[in-house]
Amino acid sequence: MTGRFVRIAELDRPSVEIEINGMSCSAKAGDTLLVAVLTYAASLRDSEFGDGARAGFCLMGACQDCWMWTSTGERVRACTTFVAPGMSVITHQPAEAIWPSLG
Amino acid sequence: MAEPRVIVVGAGPAGVRAAQTLVAAGVRPVVIEEGPTSGGQIYRRQPTLFKRSYETLYGFEAGRARAIHQTFDDLVGDIDFRPDTLAWNIFRGALHTVSQGLAQNLPFDALILATGATDRLLPIAGWTRPGCYSLGAAQIAMKAQACAIGRRVVFLGTGPLLYLVSYQYAKAGVEVAAVLDTSATARQLSAFPRLAARPSLLLKGLYYRAQLTARGIPVHGGASPVEIAGAEGVEGVRYRDSRGVERTIACDAVGMGFHLRSETQLADLARCEFVFDEELAQWRPQADADGRTTAPGVYVAGDGARILGADAAEISGELAALAALKDLGREIPERRMTALRARHARMEAFRKGLATAFPWPAHLARAVADEVLVCRCEAITAGDLRRSAAEKGAPELNRAKAFVRVGMGRCQGRFCGSAAAEILAEVRGDPLVAVGRLRGAAPVKPLSIAVRADV
């Protein structure tokens with residue numbers, strides 16, 4: 001996994017361990033889930049309509065393009081959710097939740 | 001007399017000043033805020049563990065940000081503050097909220113909507129690629145999370161935020177590959193007389209611009225974006241320069257935005273009438289100089305009423321609260337209202353200058369290629385929308401929405417609505433006003449199926 005976001009300051013915060021695609025990753029307290037994942041991975045989710053990966057867009061809870069799946073099948077909006085120890089998310093849409101556009 | 005039930009939605013600059021004014025009059029308002037703290041987007045606070053100074057975070061606006069935060073923190077004991085709470089509907093004189101999975105209905109005598117704004121966007125081929133963000137997003141990443149959206153960033157679009165965010169990135173040491181402004185440089189110069197209505201803001205704008213040049217960052221006016229290119233994620237931007245020559249700049253992230261649009265769904269659900277602003281090619285809630293809408297007891301303030309910026313938002317927040325108090329039969333200082341109205345009017349001259357300097361590039365929205373996704377939520381293309389207009393005869397946006405679902409998705413048309421209206425008007429050969437506007441629908445943001453009523 002290669003990250004997309006780059007930390008530029010505030011590096012001396014306590015670590016928070018989360019899981020991304022089953023891999024243990026070290027986030028920082030105060031990270032949003034979106035930021036924590038995108039410092040490791042290039043995207044957050046797949047479009048439900050088969051047009052590719054997405055990595056959020058507005059970061060202010062308006063566009064709804066960062067809803068991630070947790071490993072237990074719940075959904076969270078990554079830009080407005082702060083990381084907590086033990087959080088576990090996946091960056092790919094479960095296959096049965098994709099309805100490709102046939103148009 | 002029973003204590004009036006007053007609700008303020010939004011704790012940005014407008015909402016904070018509205019709450020302060022209500023408290024000063026002896027009213028204890030409910031303040032609903034979707035985020036965890038006050039400040040709004042412009043004065044958004046970093047999480048408590050972060051240590052950067054106000055000067056680092058807010059630059060020239062450090063004093064104003066500190067004042068808004070301090071004012072609100074001092075109010076907290078005198079208001080019913082509900083952070084992390086979504087206002088998702090207004091029905092029969094009650095505001096419907098949800099917080100931590102619990103739904104509540106709050107009846108009100110007066111409701112002040114200080115709902116702010118989001119970036120105004122238009123689709124560009126490839127704008128759904130990972131690495132492409134709104135300008136607001138690029139700024140939030142830095143301000144609230146101390147992150148850059150990539151290693152080498154192109155900023156494109158138009159408006160004051162384009163230059164502010166580009167400058168903030170450059171100052172933080174992030175490589176800014178280029179700034180592409182769809183507005184021609186000559187247009188920006190022609191707006192100077194009007195922009196001089198607020199000399200300090202004009203000077204700040206020129207300062208940001210000069211700082212970009214001093215750092216060797218290319219700034220291209222009159223640019224037309226062609227594609228956010230890449231295999232999967234962003235790898236570059238293709239654009240035509242002001243002479244029509246196609247160029248490509250390599251980058252791994254893009255921040256884009258074309259000034260702002262008001263968040264008006266709640267005003268719509270409150271049954272406020274809307275007016276069409278020809279100059280901005282946008283609809284906004286009809287309101288008098290104090291923010292009174294056509295719905296009794298409902299007021300609008302700040303960028304959610306019209307895009308005038310943070311300083312104007314503080315003024316309009318206070319005005320709306322005074323108007324509400326007056327309508328509730330309270331004695332209010334009329335002279336203060338007169339003074340606030342005069343100050344607010346001066347903001348309007350500057351706004352006209354901005355509209356001249358950084359016009360909404362309707363022509364780009366209208367020229368979007370058929371295969372480009374207009375709707376990010378449900379992957380609906382410009383071609384789908386054009387066909388609904390041509391073959392099914394959609395006469396206005398809500399009909400087009402019913403046919404092809406543009407504006408039906410999870411963002412509720414926030415990010416496709418401006419361009420969808422232009423495309424529909426173009427196909428029909430109608431003026432923009434004739435295709436109307438997407439009606440607000442509840443819930444204004446997605447609600448979990450697990451929400452419970454708090455009874």
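This is a predicted model: local features need pLDDT of at least 70, side-chain atom pairs count only at pLDDT 80 or more; totals for chains, interfaces and linings use all residues.
User: OK. Where does B:Pro443 lie in chain B?
Analyst: B:Pro443 sits in a loop of chain B, between α15 (417-428) and β24 (452-453).
User: And what is the peptide bond from B:Ala442 to B:Pro443, cis or trans?
Analyst: That bond is cis, with omega near -5°. For background, most peptide bonds are trans.
User: New topic. Which domains does the assignment give for chain B?
Analyst: Domain 1 (6-118 + 261-354), domain 2 (121-258) and domain 3 (362-435).
User: How far apart are the C-alpha centres of domain 2 and domain 3 of chain B?
Analyst: They are 26 Å apart.
User: How many residues are in contact between those two domains of chain B?
Analyst: Seven from domain 2 of chain B are in contact with twelve from domain 3 of chain B. On the domain 2 side, four of the residues are nonpolar, three are polar and none is charged.
User: What about the largest nonpolar core? Which residues touch the most other members?
Analyst: The core has 103 residues, and the ones touching the most other members are B:Val153, B:Val254, B:Val374, B:Leu385 and B:Leu424. Domain 2 (121-258) and domain 3 (362-435) of chain B each supply at least three residues to this core. Another core lies apart from it, with 57 residues, including B:Ala14, B:Ala18, B:Leu75 and B:Ala313.
User: Last topic, phi. What is the phi of B:Asp84?
Analyst: About 50°, a positive value, though B:Asp84 is not a glycine. Most residues other than glycine have a negative phi. B:Asp84 lies in the loop between β3 (80-82) and β4 (85-91) of chain B.
User: Why does B:Asp84 count as partly exposed?
Analyst: Because B:Asp84 has 14 C-beta neighbours inside 10 Å. Buried would need 20 or more, and exposed would need 12 or fewer.
User: And what is the phi of B:Arg405?
Analyst: Near 75°, which is positive too, and B:Arg405 is not a glycine either. B:Arg405 is in the loop between α14 (397-404) and α15 of chain B. With 17 C-beta neighbours inside 10 Å, B:Arg405 counts as partly exposed.

Note on methods
Residues are numbered from 1 along each chain as its sequence is written. Chains are lettered from A and ligands numbered from 1 in the order in which they are written. A nonpolar core is a set of buried Ala, Val, Leu, Ile, Met, Phe, Trp, Tyr and Cys residues joined through C-beta atoms within 7 Å. Domain bounds come from an automatic or database domain assignment. Ala, Val, Leu, Ile, Met, Phe, Trp, Tyr, Cys and Pro count as nonpolar, Asp, Glu, Lys and Arg as charged, and the others, Gly among them, as polar. Helices (H or I, at least four residues) and strands (E, at least two) are DSSP runs, numbered from the N terminus.
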